[in-house]
Amino acid sequence: ATYKTGVQLIGEDSEITIINGGGIDRVLQIINVDETSSIRGFTITEGFHVPTNDLGGAGLYIINSDLLLEDLRILNNHTTGLGGGIFIAGGGTSKFKNILVSENSGGWGIINVYGWESGWNESEHPVFENVTISGNVGDGIGAWYSGQASLINCIIYDNDGTGIILP
């Protein structure tokens, strides 16, 4: 894969800089982005996704990427598939810092780390630090197949499903 390098998407503040999907499709699709890239200072909201030939991800859909995501609010995104707030697959060690994930809905984890051993054959290992996952319809976070995640100083509460799913 050809990696995109040095991509910088920087908002003024997550309270006032908003990327709104308008309920039409997922808000951000991030594919093959390297560790010199970052997204910070936004609210990501109103994503909606009905999977056809993929698995989900209404707010953030991250495939084979290693970027830094920081100071974000991921709110009110919905999918009939996996990962209403965030879907991660295809390899990579993206880092999430100071993130609020709330009011989202979807299956198999509002944040879904999906290894898909029969497909991508890659291991995801994102790092979540100071992330709050609360007030969502669905499970908090799920790591499936070869997917892994590190949680550092995270809060997972008041979701209507299981907090952490590790099948």
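Predicted model: local features only at pLDDT ≥ 70, side-chain atom pairs only at ≥ 80, totals over all residues.
Student: How do strand β8 and β11 pair, and over how many bridges?
Tutor: Strand β8, residues 78-82, pairs with β11 in the parallel sense, over two bridges. Leucine 82 stands opposite glycine 107 in β11. Strands here are DSSP runs of E with at least two residues, while helices are runs of H or I with at least four, and the numbering starts from the N terminus. Two strands count as paired if DSSP finds at least two bridges between them.

Student: OK, back to strands. What is the order in the open sheet of three strands?
Tutor: The order is β5-β8-β11, with parallel pairing. β5 (48-49) and β11 (105-107) are the edge strands, each pairing on one side only.

Student: And the open sheet of six strands, what order does that have?
Tutor: That order is β3-β6-β9-β12-β14-β17, again with parallel pairing. Its edge strands are β3 (28-31) and β17 (164-165), and each of these pairs on one side only.

Student: How many bridges do β3 and β6 pair over?
Tutor: Four, in the parallel sense. Isoleucine 31 has isoleucine 63 in β6 as its bridge partner. On to the next pair: β6 (residues 60-63) and β9 also pair in the parallel sense over four bridges, and isoleucine 63 stands opposite alanine 89 in β9.

Student: Which residues touch the most other members in the largest nonpolar core?
Tutor: Ile30, Leu60, Ile62, Leu69, Ile86, Phe96 and Val101, out of 26 residues in that core. A nonpolar core is a set of buried Ala, Val, Leu, Ile, Met, Phe, Trp, Tyr and Cys residues joined through side-chain atoms within 4.5 Å. Apart from this one lies another core, of eight residues, including Tyr61 and Trp144.

Student: What does leucine 69 touch?
Tutor: Ile30, Ile39, Leu60, Ile62, Ser94, Lys95, Phe96, Lys97 and Ile99, leaving out residues up to four places away in sequence. Contact means heavy atoms within 4.5 Å.

Student: New topic. How many aromatic pairs are there?
Tutor: A search of the whole structure finds three. Rings of Phe, Tyr and Trp (its six-membered ring) pair if their centres lie within 6.5 Å; planes under 30 degrees apart count as stacked, over 60 as edge-to-face and the rest as tilted. Phenylalanine 87 and tyrosine 114 form a tilted pair, 6.1 Å centre to centre with 35° between the planes.

Student: Which parts does that pair tie together?
Tutor: Phenylalanine 87 is in strand β9 (residues 86-89) and tyrosine 114 in strand β12 (residues 111-114), so the pair ties together parts 27 residues apart in sequence. Phenylalanine 87 counts as buried because its relative accessibility is 0%.

Student: Why is the pair of phenylalanine 96 and phenylalanine 128 stacked?
Tutor: Because the planes of the rings are at 15°, with the centres 4.6 Å apart. This pair links distant parts of the chain, strand β10 (residues 95-102) and strand β13 (residues 127-134).

Student: Last one: where does asparagine 136 lie?
Tutor: Asparagine 136 is in the loop between β13 and β14 (141-144). It counts as buried because its relative accessibility is 2%.

Student: Which backbone oxygen does the side chain of asparagine 136 reach?
Tutor: That of serine 134, at 3.3 Å. A polar atom of the asparagine 136 side chain also lies 3.1 Å from the backbone nitrogen of glutamate 103.

Note on methods:
Residues numbered from 1 in each chain as written. Heavy atoms only, no water. Buried < 20%, exposed > 50% of the residue type's maximum accessible area, 1.4 Å probe, protein only. Polar contact = N/O pair within 3.5 Å; in protein donor to acceptor, adjacent residues only side chain to side chain.
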